[in-house]
Amino acid sequence: MPDVEMKGTDTKAKDDAKKDEKEVEETPKHITLTPSAEIKANIALIERAVSTLEPRFTHRVLRTLTALRKRIDASVLRTAIEQVYTKDVPEKNILLSWVPEGTSTEHEMDVDSTNGTNDPAAPVTPVPVPEGEIYLRLLILHFLLTSPSTYQKALELAAETVQKMQSLNRRSMDPIAAKIWFAVERAYELGGELADARPLFLAAQRTASLRHDDETQASLINRLLRNYVHYNLYDQADKLVSKTTFPESASSPQFARYHYYLGRIKAVQLNYSEAHTNLQQAIRRAAQPKTAPGFYQAVHKIFIVVELLMGEIPERSLFRHPVLEKALVAYFDIVKAVRTGSLSQFQTTLSKHSAQFEADKTYTLIVRLRQNVIKTGIRRLSLSYSRISLRDICLKLHLDSEEDAEYIVGKAIRDGVIEGRVVHEKGWMECTSQKDGYGPEVSDAFARRIGFCLQLHNESIKAMRYPLNAHRKELAAAEGAREREKELAKEIQGGELDDDSMGGPDGF
């Protein structure tokens, strides 16, 4: 009994200890840091990554960048810089000079309440490592890009940050550098000087490839592809893709952007099958629709056009997606025009939404759909009429002249879109009757399929393997059984076995 009581007390003590540990682990999850405190904690993690040579801490900081940059303002940045730089150093004054003057907000008051000796994220050194300074520059750059009045200032900060980052030349700064290049490209784009950034990106890409910096290399390849596509330099973009190798260790967002740009390039080059494959990969690798709705909409716009150019009709459920429903209204009208084969409806929709198509850079691809609309209309006419004049075809499809109708019908017959012939003397098109599901061609197709199945069966039988000498074991077992039967029969004939020894008259 005493042993049992001791076990009970031990188990109770262990359970209480486990509960206390769970409470300790669960309590930090409910703490919500203010933006300034979060920046301060991120600087501490970056210093830890540099001191321990563990880049995973830097990656943890960068994963919070998207949510953090939406919560910062001038006062938050000033407070964070004051807390990180406890001494008056030149770096502190330079960073404060880039931040506009801001009024005190609730964030500052919240930060004051969190400051103290109990803050686990407080930096140990009064001056952070250079990676911390570059991270603060990244946050300031994103803040300056939120207002058109500070675009020029952001452009100057971007140029200065690139020079400082290249002069430091630290490998522990590579994850942050990949994010810096994205902000630099955004600054040049919003400042209207995106073409001037191309030599800078090319030089940085060569340097990153020589240093085997996969993250920066993937980011710069996407920056260059975006630059080329923005100015419609598709030949140069294709040469860049052929001369470079995209790093396999790149993150999924970088892969999604890379496949998106590849899809656009292949679509312009009339390689619709590869474009469709790359755009599918971009959709699969992209973030959740609510996380990155802009990229999700851009990929689906070009994806729908490529599917139409391939002769396929997108699913209707795609246009009912909550993120895509409003953005794809114009493309839904184009799909309806292509599906019905109405050239007038197609031209009306194209002129109505031409501004949006030009903004999306899909106007030139949608113009190519005119031939698909005409082919669909001719196919519908061939199913409805056994004989129709070229004049009627010209009126129904809204073509310019009968010569155009004759050329288009002849090309459709040659491509196998319809079955028929053009009677030039009488000026009409005769459509042959549609074939039924029976006939010599169908029987030949079934014969080929049956022959293929039989050949596959015979090859499978020949390819099967059997264990060696397995039949000899079966023969030996059969011979032993026959010998035992012979001995049993001899004993019965000699009267050596009676009914009792056999187990009764019924054998039981």
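L454 sits in helix α24, which covers residues 440-463; helices here are DSSP runs of H or I with at least four residues, strands are runs of E with at least two, and both are numbered from the N terminus. L454 counts as exposed because its relative accessibility is 53%, where exposed means over 50% relative accessible area, buried means under 20%, and partly exposed lies in between (1.4 Å probe, protein chains only). This is a predicted model, in which local features need pLDDT of at least 70 and side-chain atom pairs count only at pLDDT 80 or more, while totals for chains, interfaces and linings use all residues. Residues are numbered from 1 along each chain as its sequence is written, and side-chain values use heavy atoms, with hydrogens and water left out.

The areas come from the Shrake-Rupley method with a 1.4 Å probe, and for residues only the protein chains shown count as cover.

Now step back to the whole chain. The protein chain has 25 helices and three strands, and 38% of its 508 residues are buried. Its accessible surface comes to about 30,500 Å², with 52% belonging to carbon and sulfur atoms. Of the contacts between residues at least 6 apart in sequence, 65% join residues at least 24 apart; a contact means heavy atoms within 4.5 Å.

Next, look inside. The largest nonpolar core holds 123 residues, a core being a set of buried Ala, Val, Leu, Ile, Met, Phe, Trp, Tyr and Cys residues joined through side-chain atoms within 4.5 Å. Among the residues with the most contacts inside this core are I39, Y135 and I393. Setting aside neighbours within four places in sequence, I393 is in contact with L381, I388, A405, V409 and M429.

Beyond neighbours within four places in sequence, N227 is in contact with L194, R198 and F201. After α12 comes N232, whose phi is positive, near 60°.

Positive phi values turn up in loops too. N169 lies in the loop between α9 (151-168) and α10 (174-190), has a phi near 55°, and is partly exposed because its relative accessibility is 37%. K361, in the loop between α19 (354-359) and α20 (363-367), has a phi near 60° and is partly exposed, with a relative accessible area of 31%.

Finally, follow helix α10 to A177, which counts as buried because its relative accessibility is 7%. A177 and M165 are twelve residues apart in sequence, and their C-alpha atoms are 7.6 Å apart in space. Not counting residues up to four places away in sequence, A177 touches M165 and T216.
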